Every structure is written in structure tokens, then in C-alpha cells.
Amino acid sequence: MNLKILKLENLLRCHAVFRQLHSLGQRRMLAQWSHVFSSAYPVWTAQPCVWPWQTDLVIGAALSQYRLLVTKKEERSQKPPLSSTKSKKEVEVWIGMTVEELARAMEKDIDCVFEALMNTDIDIDSLEAHSHLDEVWIKEVIKKTRMKLKWSKLKQDKVRENKDAVRRPQADPALLIPRSPVVTIMGHVDHGKTTLLDKLRKTQVAAMEAGGITQHIGAFLVSLPSGERITFLDTPGHAAFSAMRARGAQVTDIVILVVAADDGVMKQTVESIQHARDAQVPIVLAINKCDKAEADPEKVKKELLAYDVVCEDYGGDVQAVHISAVTGDNLMALAEATIALAEMLELKADPTGPVEGTVIESFTDKGRGPVTTAIIQRGTLRKGSILVAGKSWAKVRLMFDENGKPIQEAYPSMPVGIVGWRDLPSAGDEILEVESEPRARAVVDWRKYEQEQEKNKEDLKILEEKRKEHQEAHQKAREKYGTLHWKERSFLKYQEKKEQKLLKPKEKEERDSPVLPIIIKGDVDGSVEAIVDIMNTYDASHECELQLVHFGVGDVSENDVNLAETFHGVIYGFNVNAGNVIQKSAAKKGVKIKLHKIIYRLIEDVQEELSFRLPCTVEENPIGEASILATFTVTEGKKKVPVAGCRVQKGQLEKQKKFKLIRNRDVIWKGSLTSLKHHKDDISVIKSGMDCGLSLSEEKIEFKVGDEIICYEEKEVPGKTSWDPGF
């Protein structure tokens, strides 16, 4: 480009020189002519021609403008050429992102992601907005939407700070002081556990329990005449409350195993022994009902040997006390044995610093809101303390003892009711005291975040398994069709589609199978837990599907009724109420509310409801039996009809009933008779011992001597579920 400018400048200079020479030549000629004609023309004078110099100025300006234009053009040529198409949009993605997050990163609608994943191996029907996507499918979506992929390391590597609350390190032994033992009473249902505790407390708890069966875990502080104090936990002995017994064993120091002398070792007795062993807690054996004539304490001790519970009489270390909870015999001896064992264990606790404890039971009170029963294990609980339990926190507004009396402080080993929870914690949750409300919120947020992360990992695992299944199925399909001609491939696909169409009615029948949606409401968290655990044992989904729509603590509410109406379900309440307004609303909406006070009655009701939804089964009740002695044919018009000559062996044959023909124990025909005759008379009933001739509604069936004819009637029997909850 510079060379071109130089050439142009040279040409312009030559042109300027030529103009100058031409101008000089003209001046000389004018000077000569002016001398000749000066006398003739005195006025006229020759003026120098200045336009060539002006031309040089114009040319110089033009040249400078040209240089400027050329320079700009050269600069533009050095810049990279603009792409003819618009640059791709960069999308920042990370591993494990959800469908909704990917759509947001792309600034597109969620439908755009679903559309991009169509005709791929992924199961579109199982995908939802919160479903996690594998790396392969993220790349596929970005590729199909013609965008640019950018992996976000920040999203992958970012680790949220752990803000959970944990127990303190073990205290200095010098700070520890003696504490009361926490004793759990365990054993089989109706072996006298609550009656024993009533006698020690001089109360009537057993009389207040529905059906005389303990259905909650109760915490009581008992003061003995000697001045010693023991915290007792009374656990249910019914089979449904296994989780409650396990929880009681985890927070206790000593287990009193109650066994009835007249009943011996039972199923829940064995389970209680296992819970105590798992928690590594020593056992004191209380052989109850020794006042009965049929009592046999030695038999109980021998039976327990099979479960490695060896009493002192047999060389073991388990104290055995013969008692009668009804008469009060030897109860002080049991208390002394418990205190002696507690002294050997040297039970101590630190009453200073932040509180640590365990939720024994939780429920919702109408006036107080969420309430928990807890055992304090460390520190001293006071009004105004900030507590965290599970995914809930509380500022203590009120504390009360087992009698409902308000208290100001709760020390280690002391059972206490706590009011002030924002949400209802679960029974068994660990209670920890924190310094402030913001700290409590941070702990709860962290625990919810942790739970969400665990759920995300499980979802990713399930998604990966499904992806592998689809890939394997796709690979098998490719191997199956890969070597075939397109005509053969098309024919096979047509055959498969035809088979699928034939299966559709069966699938529809499966979809239309009976379903029982249920909603469970209980008075305390532990009771609801027990009922839900029983529902989880349901194993008859092939008969009727059991759907647990919702469960919770508290009385039946309008929301429960609306939910039951939506799902066409049944509401089951355990030790809760449903107000008149709620019951009227439920009746208007056609919703059943079933309230129970005893847990096994509730389970029986669920079994009845399941059975009610099953189709009726048809049972065959035999009325009479006859054996074929001879066969022959008769002519009716132009037809030859086979006839069997029979003798009634049992019962009677009734023409209007149904019949079946049995040969070698196999049923070869079922239907009705066209004729039944005795000699030549048409009759409707043939009794035992009489001979008759009969013909069937199906003429193609051939009789053989020795065949049996059974007369029966069909009876519809209501269906019954095969589910056995185990008690």
C-alpha cells in the first residue's frame, strides 16, 4: 500500500513540474509581447498566472485525504473479519444440575429442555423440574439448542460451611456430680408393667390407657421412701410399638424386664432383651404376678437361659425379684435392687454448660402448640434457653413435670415437658442448646440442606441406574435389528407393536385395580411412627394398593378432609378428635373419618377397608354327586343327542343349578342341563339313590362310563386381604 502512495506522489510531482515549466514559458512570451505592444496598448499589463500553484495546493489536500482514507482502510483490513453468523451463546453448567436449573441457565423455558431430550434414551415421563441430569444429557441439550457449553468449576467445588451443632467433649471428672438413674420398664403386653409403675407412683395410669394397654412412652420421676429418686420410662409392650421400645432402651441406664410368672417368655420379651443388649444396658428381672396360683417363677428363669439372661440363682449376674404389682409385694426389694445396680454403675453428669438431652415423645397441644417430653442428660435447662432438635428449634417458654406442674429448672436425668417449639421434632431426636436464635436457624438450615443433598445423591443414583437400563435396552435393540434388511426390521417392529396393542386391555385392568388412599393422624409422634411402621409391612399390593397420602400429629383438620376428598381416601385417627364442624364437612364431601383409641383396632379397621375394596370371590358349594353307569343317544328331530344314564350317589341333582363333568379328577365341562328325566318323566330334582338320564347344554361333549356329574351352586364371598400385620 505504501508503494502505491509513493507512485501516486511521483506522478503528481511530475504533473506539478510540468505545470510550472508551462507557466514559465507563458511568462516569457507575455513579457516579449508586452514590450512590442506597450506603445499601442498602454493600459493592458500582463498578470502572472497563479492557478498552477493553486492546483498544487488542491492536489496536496487531495493527496492528504487520500492518505487518510488509505490508512483507515488498511487499519480495517488488519481487524479480524466479522463472522457471517451470530456467535453462539455460552451457557454455564455443572454436574448434577436439575432440569429447572439448566433451563434457567439457558434462559429458556423448561419445555425447551424436554424437547431437546426427545428421541433420546432418557425416560422423558420420569423427568420433572427438580430431576437431576447426567453429564451426557446436559451436553445433548446444549448441542441441540446450538449453544456453547461452559463447565462451572465454582458450582462443583463450592463447599458449604458446616454449621451443625454437636455435643460437647466429655466433661472434666471434677465437675461431675451424682445423678438419678433412668430406668426403662420393658416386657410383653399385659405383663403388668404400667401397674407396677402405678404402684410405685401411687397413681392410676393403667386405668386411663385405652383397653388397659400402654400406647405411649411415658417418663415419670418417682421418689422412694428412702429419699432416692428414679426416672422411669414406661414403654408399650404391644407388638406395634417396637420403635418406641428401642428408643427407650437408647436413653436408659437400667432396664427392668417384667415377665409374668403365669405366662412366661413371650415375643415382646425376647425383643426387649435384644433392645437392652443392643444398647449395652444391664437388666434387672422382675417376675410379676407371683400371687397367682399358676405362677411358676423358676420356669421363667429357665426359659430366659435360652436368651443368655442368666439369673444369680443360676450363677449369672442378673438380679431376679419376685413381685406382685397388684398387691405390692416385694416392690421395695425391686427398687433397692435397682438403686444398688445404679450405685455400682456410678452414674454422674455435668449440670453446667449448654443443655444436652433426648426427645422421648412429641405432640401438638391446642393451647400450647408443639410440645415435647424430654430427658435432660447434661447441663441445666432454664426458661428462655434456645434449643435445637432435628430440623426444629425452640425458645423455651414453659417447662412442666409429668403432672403438668410448671417448673423453673430441669437437671440431668429429669423428665421435662418443653413448650416453645417452632415445629414438631421427632421422637428420638437429640436436643442441643445453642447461644442464639440466629445460630439455631443456621443449624436447622444446615440440617435441611444436608438432607436435601442426601436426597439429591439418591436421585442421581436412581437416574444413573435408569440411564444404564435404557442404554442396555438400546444396545440390545441395535444388536437385534443391526444386521437385518430394512424390510425384515420393519416387519419385526410391526409385530412388536401388534403384541403391545394386545396387551393394552390387560394393562388397563392393572391400572384399574383397587386402591385405598389413607390419611393417618395421631396424638403423639411416636404413635404415628408406630402406625406408619405397620403400614410399611403391607405386602398385598397385587390385591389392593395401599397409598399413605399423609400422616401427622394433631386432631383431624379441614385440610385432612380436603386431601381425603381429592384422593378418595379414608382418614384414620388415633387418640385424636374430629370436631362437629369437621365431621359435617366430611359427611357432606363423602369422606370417612374413623377414630380409634386402641392401635390394633385401627389396624383391623384398615384390613376390613382393604377387604371391602377387593372384588368378591365365587365359591362352589356342591349339592349332589352322580356317577355315569351307561351312555346312549336319542334322536330329537334330525339331531342325535348324547344322554348319560346316572345314579345319584350323594345329595341331590337340581336341574336349575349348575353342573360340571369330571373325568379322572379333571373338570372337562361346566354348564347347565337341557333335560333331566326319571324314566320318561321330566323332573326338576333327583334325590340320592335314584336313577336318571340327563343331557348337557353342549352336544359335542361325549360321556364315558365312570365319569362323575357334580351339581353345585355358586355363591359370592366378600374378598379378604392376605395382609398379616403380625399381631
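Strand S14 (residues 386-389) and strand S15 (residues 392-400) pair in the antiparallel sense over 4 bridges; two strands count as paired if DSSP finds at least two bridges between them. Strands here are DSSP runs of E with at least two residues, helices are runs of H or I with at least four residues, and both are numbered from the N terminus. This is a predicted model, in which local features need pLDDT of at least 70 and side-chain atom pairs count only at pLDDT 80 or more, while totals for chains, interfaces and linings use all residues. Residues are numbered from 1 along each chain as its sequence is written, and side-chain values use heavy atoms, with hydrogens and water left out.

Within this pairing, Val388 stands opposite Trp393 in S15. The hairpin of S14 and S15 has 2 residues between the strands, and Gly390 takes a positive phi near 60° there. S15 is also joined to strand S17 (residues 415-421) by 4 bridges, and these two strands run antiparallel. Here Ala394 stands opposite Trp421 in S17. In a regular strand the side chains alternate between the two faces of the sheet.

The view may now widen to the whole chain. It has 18 helices and 31 strands. Of its 727 residues, 39% are buried, where buried means under 20% relative accessible area, exposed over 50%, and partly exposed in between (1.4 Å probe, protein chains only). A contact means heavy atoms within 4.5 Å. Among the contacts in the chain with a separation of 6 or more, 71% are between residues 24 or more positions apart.

A disulfide is a covalent bond between the sulfur atoms of two cysteines; the criterion applied is a pair of cysteine sulfur atoms within 2.5 Å. How many disulfides does a search of the whole structure find? The search finds 0 disulfides. Cys646 is in no disulfide, and the nearest cysteine sulfur, that of Cys692, is 5.0 Å away. Cys646 counts as buried, at 2% relative accessibility.

Finally, confidence must be considered. The predictor's confidence in each residue is given by pLDDT, from 0 to 100. The chain has a mean pLDDT of 79, and 79% of its residues reach 70 or more. Among the elements of the chain, S14 has the highest mean pLDDT (94), and helix H8 (residues 205-208) has the lowest (40). Over residues 77-85, pLDDT stays under 50, and the model has 0 contacts beyond four places in sequence for them. Where pLDDT is low, the predicted coordinates should not be read in detail.
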